[in-house]
Amino acid sequence: MRLELVKRKERSRTMALLSPLIAIALTALAAAIIFAVSGHNPLVGLYKFFIEPLTQQWSLQATIAKATPLVLIGCGLAVCYLSNNWNIGAEGQFIVGALFGSALPVMFPEFQSTATLPLMLVFGALGGALWALLPAVLKNWFNTNEILTSLMLVYVASLILDYLVRGPWRDPGGYNFPESRLFSDAAIIPNVFGGTMSLATPITIVIALVLAVVLARTLKGFEIRVMGESPRAGSFAGFSAKRLTLFSFALAGGLAGLAGTMEVSGGLNQLLPTISPGYGFTAIIVAFLGRLNPIGIIVAGFVLALSYIGGEAVQSAMGVSNKIASVIQGLLLFFVLACDTLILYRIRLASHQAPSGETAHV
Amino acid sequence: MVQQTRSGTDTLLDARGLTKRFGDILANDNVDLVINKGEIHALLGENGAGKSTLVKMFYGSLQPDGGEILWQGKRVDIGNPAAARELGIGMVFQHFSLFEALNVVENIALALPNPGRMSDLAERIESVSRDYGLPLNPSDIVADLPVGIRQRIEIVRCLLQEPQLIIMDEPTSVLTPQEADQLFLTLQRLASEGCAVLYISHRLEEVKRICHHATILRHGKVVSECNPAKETPATLASMMVGADVASVSAGARTPQIGETRLALSNLTARAATPFATALNGISLDLRAGEVVSIAGVAGNGQGELFDAISGEMPVAPQMIRIDGKPCGSKSITWRRRQLAAFVPEERLGHGAVPGLKLSQNIVLTRHATGDGLTSGGFVSTARANGMEKHIKKEFDVRMSHDDPEARSLSGGNLQKFVVGRELDRQPGVLVVNQPTWGVDAGAAALIRQALIDLARSGSAVLVISQDLDEIFEISDRIAVISRGYLSEAEPAEDMNRERVGLLMAGGAEAQGEVA
């Protein structure tokens with residue numbers, strides 16, 4: 001007896017919904033094994049990692065705050081991935097967006113008006129979009145591989161940030177610490193709902209909902225899906241692959257840049273050498289776990305944010321390295337991609353003598 | 001159902017009650033088949049009738065779920081293709097598996113269990129290929145060879161293993177009539193030496209001409225056996241389909257020819273990739289009321305010509321005019337708005353997106369043609385669903401449930417859908433590449449009739465096809481494409497197969513260069 005994969009005639013809607021849940025269950029199982037192997041009670045570990053952060057208000061708030069940039073970046077990446085544009089550089093677009101957004105409060109700290117914050121957000125989105133257009137233009141003109149170029153530009157962006165906070169943008173009154181001056185109140189994104197939540201969160205949810213409608217109901221959304229699945233059919237429909245590459249990269253970069261600006265003007269209130277715990281990379285997992293669907297991405301963003309908080313929790317409570325968070329994130333992506341096979345294939349128990357590679361020929 | 005016993009002392013292969021199931025589908029249901037020595041045995045059936053499944057079991061790439069295979073009277077389990085070759089069963093595939101960068105002898109050596117020394121093998125190839133009238137030069141690089149010669153390599157490769165049964169899957173679909181004639185001589189020679197041939201083909205004329213016996217499959221079952229020489233293509237077709245196939249009526253053969261609707265003038269384009277074909281000064285006037293067909297062997301520029309006319313490959317503005325308006329550099333959407341419509345050769349992945357539902361695939365080509373499918377950037381799902389139901393009914397598209405994904409439809413049904421999607425617009429100019437490629441007889445007749453009817457209603461129809469039966473059935477004028485040159489379109493009644501064959505084999509090129 002052995003397992004065989006048999007191709008389905010159509011994609012299974014049930015499996016499309018179940019696959020992320022199976023993946024999460026398998027990830028929890030793998031995490032339990034890791035806890036057990038490193039000498040901890042796996043049940044306690046799982047509880048501290050996945051459940052406890054949900055039981056306290058402060059950790060719930062922290063989870064939502066971390067989920068916000070993940071969801072915003074994930075939504076943009078979903079548009080890229082749906083249209084077959086492999087933007088891996090959202091981390092860099094996030095950083096450059098934060099730099100563009102910070103230019104105003106760092107270089108012109110006296111400019112404080114109601115227009116300050118909106119201008120910062122616009123600059124941030126522009127900066128992220130421009131950074132994302134680099135790999136898109138290279139892809140269109142020189143046929144370069146956007147996976148490599150967008151990824152490499154992450155390190156360029158991060159070195160530019162490092163240079164700026166140690167050099168020209170260093171806080172003159174900051175005792176030579178590598179950090180920019182603190183933002184004025186006019187440059188800080190306010191909290192809403194009685195101070196429990198940054199305005200960034202509702203902005204993100206609105207953007208996700210708008211994108212969900214665009215993808216599901218409009219001709220642009222149709223174009224994105226067609227191009228992703230079958231570029232030849234897309235060009236037969238009269239859509240331009242090159243224009244869509246520019247569009248999807250600019251959109252994803254813009255949203256990542258907006259997330260970067262909201263992060264520095266929300267939690268940090270200044271630029272530091274490190275402003276992101278890898279949001280741009282984690283958002284790739286968010287996008288896939290969320291089925292490349294903005295509504296799903298809202299849920300997935302929350303799950304992945306939980307892994308950051310849970311990682312800190314098991315570190316402080318049980319002395320497990322907080323690298324466990326990265327390990328679990330990686331396992332999750334692995335299981336999601338593996339389980340997605342079940343959308344187009346089903347598993348069959350085969351008797352021993354059947355040869356491999358047998359599929360219905362109809 | 002006639003079920004005489006044909007097995008006797010000459011029996012080579014005797015399949016009894018072969019059954020193969022894929023999930024819910026019974027691909028082969030209790031199939032009995034007897035192949036005798038020296039017999040050219042046709043296996044006929046519509047797409048999905050189970051022909052490929054059956055021959056794959058003979059060749060060892062599939063295992064039967066029930067029944068048994070007797071080879072020369074002994075029961076055998078054919079576990080894999082190597083075991084089949086061991087027994088003496090060879091197969092020539094429809095799609096060649098040759099390495100373009102290697103030469104003939106290297107390609108053949110790769111497929112043999114013990115190729116031996118290359119120089120010895122080259123000699124054997126030369127002598128075997130000469131013996132059977134399939135001359136090959138062992139040192140030729142495959143990339144430089146035309147399709148007909150590539151097929152010879154596959155056949156010679158098969159012959160070197162001295163098989164007693166050769167299975168051929170649609171061998172003539174890529175050949176010119178003259179090349180096909182050459183192949184038939186080879187097959188007859190093989191048969192006279194006692195080798196059996198199991199021959200799968202959709203071309204009933206040639207089955208009638210060369211096959212000694214035919215087994216007809218429908219829905220996985222053997223429905224009848226016959227001597228094809230005593231049948232007509234029409235009776236063979238009705239056995240396959242299970243009903244009489246409506247013959248296509250061309251209506252008034254001398255149509256009311258109107259003004260030019262599509263004009264190609266000196267259409268020229270460089271080859272975009274090393275494997276593409278350049279278009280060389282192609283000129284053609286397509287007039288209202290007529291069906292013009294372009295014949296030719298695959299890979300002679302048909303795809304490039306289609307892309308240029310549709311707008312997927314832009315050319316200079318004056319090279320293409322639709323209803324007088326220059327549009328060589330305009331987008332495909334612009335051309336559709338001028339009432340042009342296009343059906344590409346590849347159904348899945350070009351004409352339709354495999355993972356999208358049929359209703360969504362309607363939006364693919366009709367989002368900008370004023371059908372009310374979009375308003376304010378939003379797609380109207382209700383309108384798309386309505387059109388899907390209409391086209392499904394009008395063109396008899398059969399499906400297991402409502403509005404399925406395109407990939408789940410059979411080839412013939414999907415073709416009816418993609419042709420129906422364009423015909424539903426009543427286009428002024430329709431360009432179709434391979435309208436009935438791999439489509440069963442019933443669906444093919446329906447599509448051909450619809451093309452003629454469209455032309456008779458005042459539109460201009462351009463058909464690019466490799467199927468000469470189809471071309472002679474529906475065309476008012478016929479042109480031939482060869483290496484990117486197009487011969488002058490001549491009235492169908494002045495053309496015959498020999499003349500088309502000569503043009504296919506390079507005559508069109510000579511004519512195009514003179515013009």
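Predicted model: local features only at pLDDT ≥ 70, side-chain atom pairs only at ≥ 80, totals over all residues.
Residues are numbered from 1 along each chain as its sequence is written, chains are lettered from A and ligands numbered from 1 in the order in which they are written, and side-chain values use heavy atoms, with hydrogens and water left out.

Consider first where the chains meet. In total, 43 residues of chain B are in contact with 28 residues of chain A, contact meaning heavy atoms within 4.5 Å. The size of an interface is often given as the accessible area lost when the parts come together. Here chains B and A bury about 3000 Å² between them, and 58% of this area is on carbon and sulfur atoms; buried area is the accessible area (1.4 Å probe) that two parts lose on being put together, summed over both.

Side chains of opposite charge can pair when their charged atoms come close. One salt bridge is counted between chain B and chain A, the term denoting a side-chain nitrogen of Lys or Arg within 4 Å of a carboxyl oxygen of Asp or Glu. In the salt bridge of A:Arg232 with B:Asp307, the N to O distance is 3.1 Å. On the side of chain B that touches chain A, the elements that give two or more residues include strand 1 (11-22) and helix 9 (302-310) of chain B; helices (H or I, at least four residues) and strands (E, at least two) are DSSP runs, numbered from the N terminus. Helix 11 of chain B gives the most to this side, with four residues. The residues of this side divide into 16 nonpolar, 17 polar and 10 charged. In this division, Ala, Val, Leu, Ile, Met, Phe, Trp, Tyr, Cys and Pro count as nonpolar, Asp, Glu, Lys and Arg as charged, and the others, Gly among them, as polar.

Within chain A, helices pack against one another. Helix 8 (residues 219-229) and helix 10 (residues 241-268) of chain A pack at an angle of about 110°, with their axes 11 Å apart. Helix 8 of chain A is therefore roughly perpendicular to helix 10 of chain A, a description used for angles of 65 to 115 degrees. Axes are lines fitted to C-alpha atoms, for helices over the stretch in contact, and angles run from 0 to 180 degrees between N-to-C directions. Among the residues that make the contact are A:Ile224 of helix 8 and A:Phe247 of helix 10 of chain A. The residues of this contact divide into five nonpolar, no polar and two charged.

A second pair is formed by helix 7 (residues 200-217) and helix 12 (residues 294-318) of chain A, at an angle of about 145° and with their axes 8 Å apart. The residues of this contact divide into eight nonpolar, no polar and no charged.

Over all chains, the structure holds 31 salt bridges. One of them joins the side chains of B:Arg150 and B:Glu100 (2.8 Å, N to O). B:Arg150 lies in helix 5 (residues 147-160) of chain B and B:Glu100 in the loop between strand 6 (89-92) and helix 3 (104-111) of chain B, so the pair ties together parts that are 50 residues apart in sequence.

Finally, B:Gln426, in the loop between helix 13 (411-423) and strand 19 (429-433) of chain B, has a positive phi near 55° although this residue is not glycine. B:Gln434 also has a positive phi, of about 55°, without being a glycine, and is placed in the loop between strand 19 and helix 14 (441-456) of chain B.

Methods. Parallel < 35°, antiparallel > 145°, perpendicular 65-115°, else oblique.
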